[in-house]
Amino acid sequence: MDLADLVERARAGDVAAFTVLVGRFRHFAFGYALALVRDFPAAEDVAQEAFLAAWRSLSRLQTPVAFAGWFRGIVGHCAHRALRRRVLATVPLEHAVAVASAEPGPDREAERRERAAAVLAAIEALPAPLREVTVLHYVEERSHREIAAFLGLPATTVNNRLHAARAQLEDRMLTMIKDTLREHRPPDDFPARVGRIVSAQGRVVEARFDPADLPEVLTSLALDGGGGAVTVEIVQRLNDGRVRGIATEPAAVSPGTRVVATGEVLTRPMTEASLAEAVRVLGPRGARQPEFLETGIKVIDLLTPCVAGGTLAIVGGFKVGTIVVVEELTRRLAAGADGVSLFTFFPPGIVDPAAWKRERAEGFGGGSAGSVQTFYFLGERPETDPAAAARLAAFDAVVVLSPAQREAGIYPCVDPLAGRSRALDATIVGAEHAAAAARVREALTTAARLEMAGEGAWSDADRTLVARARRLRRFFGQPFYVAEPYTHRPGTTVLRLETVATVAAILDGTYDDIPETAFNFAGGIAEVLARPRG
């Protein structure tokens, strides 16, 4: 498709067409910005800002074929604005030891910085007209004709300027320039990602993007409306190029509004009002008597049973397998008629968009499927924020993942005492189930208190109770289907009635002669009893 057609379609709001435009001009934008600001990170920022400004102003471009020159002017304006506000932050030298880095070793990084500095110094020494064509040519070896079209110059002028630049630079420096510019070239996903709001219901909005470049959950979208900047916090990715998010200012959001994915990770939990509206709009429709929804996961079915067609809050944390639990529940429940809406909470400061991409590359998408909807939010854990418990009260069931379980080697890392469920009621799960769950909670609570006090003062009855509680804790571990490639253990499903009977038998002393280690990471009791007792 030629340039004029692409511009016309983009002006009409076609996100895919603008994405193609961005792909065609991203290296020109970066190279031109670099020629002006002479700094690699700043050039990326300028190019990002220029694409956003172009998207917002595209309707004012009168002549589509003039896009290149018009866009070059936007890049130049953004670059000069960046130069005007450039202020270098300084900190005491001793603070440098606290700066973490994922870059290569110090020797290689020092060499890389020295080479980049030398290249930038050589480029900066060139006159501005020579500098522009040199950078544009070597960022991705664009042809003279392409560079001429972008700069609005005759191709012969570009050729003459490149020849003059080469004459001022030694062959060795030309090679360094070529290698360094290509090394610092922005990645393919560098351009600002733009989309459009397709629906809005109060604070809850849906936006459409290029399906191949969907923004990550727990990052923000920016849009203009209501007289100022508005943020949309992404809580869900869908498979058809849409994302769902919660707007900070609902009155300013309407279908057709243009948005851009900033890539910025959210840092503060959603407000209580926004969360309440999200649960109301995104959760299941209509109220009904809670019905038990079986998952085959022992600790969840027994102590925090899911509600059919209801909401389940999963309170995650650092390295406790949050996405694995979400993925496992989605796999187990997606084919059901009722399903469940999973609202997963991460504490601020641990979200890493790059980790989301790695998770998906390894098969842990954490996305919605079938009758299961998955949503992601920032939220403090109940043990660190008293208000968190009140926010979680809106959900039918709550599962809390615990670092203490991970340290004990119990997977899934579900804290058996921290969660709750509306379905854990004798009228819903039955008297036997409710009684067994109550006994388990009492035993684990008492055992934890005894272990904290130290076994020096334990009676024989105390020792027996603690031993049975330890068997229970271990029994709540279980292989997952989605983790089979990593655990090399087949996933297991344990029927709720078997779980209820087994935990009651453990507390009654039926398995006192079975070693605690036999209960590690097992499925049903048959697997436990089949293990060696030595």
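User: How many cavities of 30 Å³ or more does a search of the whole structure find?
Analyst: This is a predicted model, in which local features need pLDDT of at least 70, side-chain atom pairs count only at pLDDT 80 or more, and totals for chains, interfaces and linings use all residues. Residues are numbered from 1 along each chain as its sequence is written, and side-chain values use heavy atoms, leaving out hydrogens and water. A cavity is a set of points, on a 1 Å grid over the protein atoms alone, where a 1.4 Å probe fits but cannot get out. For cavities of 30 Å³ or more, the number found in the whole structure is 1.

User: Which helix gives the largest share of the lining of the largest cavity?
Analyst: The largest cavity has a volume of about 50 Å³, the space filled by probe spheres set on points joined across faces, edges and corners. Lining residues, those with an atom within 4 Å of a point, are Leu275, Val315, Phe345, Gly379, Glu380, Ala388, Arg391 and Leu392. By class they are 5 nonpolar, 1 polar and 2 charged, where Ala, Val, Leu, Ile, Met, Phe, Trp, Tyr, Cys and Pro count as nonpolar, Asp, Glu, Lys and Arg as charged, and the others, Gly among them, as polar. The largest share, 3 residues, comes from residues 386-392, helix H14.

User: What is the volume of the largest pocket?
Analyst: A pocket is an open set of points with protein on both sides within 12 Å along at least five of seven lines. The largest pocket has a volume of about 750 Å³.

User: Which element gives the largest share of the lining of the largest pocket?
Analyst: Of the 28 lining residues, Gly321, Thr322, Ile323, Val324 and Glu359 are the closest to the centre of the largest pocket. The lining divides into 19 nonpolar, 5 polar and 4 charged residues. Helices here are DSSP runs (H or I, at least four residues) and strands are E runs of at least two, numbered from the N terminus. The largest share, 4 residues, comes from H12.

User: How are H2 and H3 oriented to each other?
Analyst: The axes of H2 and helix H3 (residues 40-57) come within 8 Å and cross at roughly 140°, and the crossing is right-handed. Among the residues of H2 that meet H3 are Phe18, Phe25 and Phe30, while H3 brings Phe40, Phe51 and Trp55, among others. This contact has 16 nonpolar, no polar and 2 charged residues. The orientation of H2 and H3 is therefore oblique.

User: At what angle do the axes of H2 and H7 cross?
Analyst: H2 (residues 15-37) and H7 (residues 144-151) have axes that come within 12 Å. The angle between these axes is roughly 70°.

User: Which residues of H7 make the contact with H2?
Analyst: The crossing of H2 and H7 is right-handed. The residues of the contact divide into 6 nonpolar, no polar and 1 charged. From H2 come Phe25, Phe28 and Tyr32, and from H7 come Glu146, Ile147, Phe150 and Leu151.

User: Which residue is joined to Tyr411 by a cis peptide bond?
Analyst: Most peptide bonds are trans. Here the omega of the cis bond is about 5°. The partner of Tyr411 in that bond is Pro412.

User: Where does Lys319 lie?
Analyst: Lys319 has a positive phi of about 55° although it is not a glycine. Its place is the loop between strand E9 (311-315) and H12.

Conventions
Axes are lines fitted to C-alpha atoms, for helices over the stretch in contact, and angles run from 0 to 180 degrees between N-to-C directions. A crossing is left-handed if the near helix is turned anticlockwise from the far one by less than a right angle, and right-handed if clockwise. Contact means heavy atoms within 4.5 Å. Angles under 35 degrees count as roughly parallel, over 145 as roughly antiparallel, 65 to 115 as roughly perpendicular and the rest as oblique.
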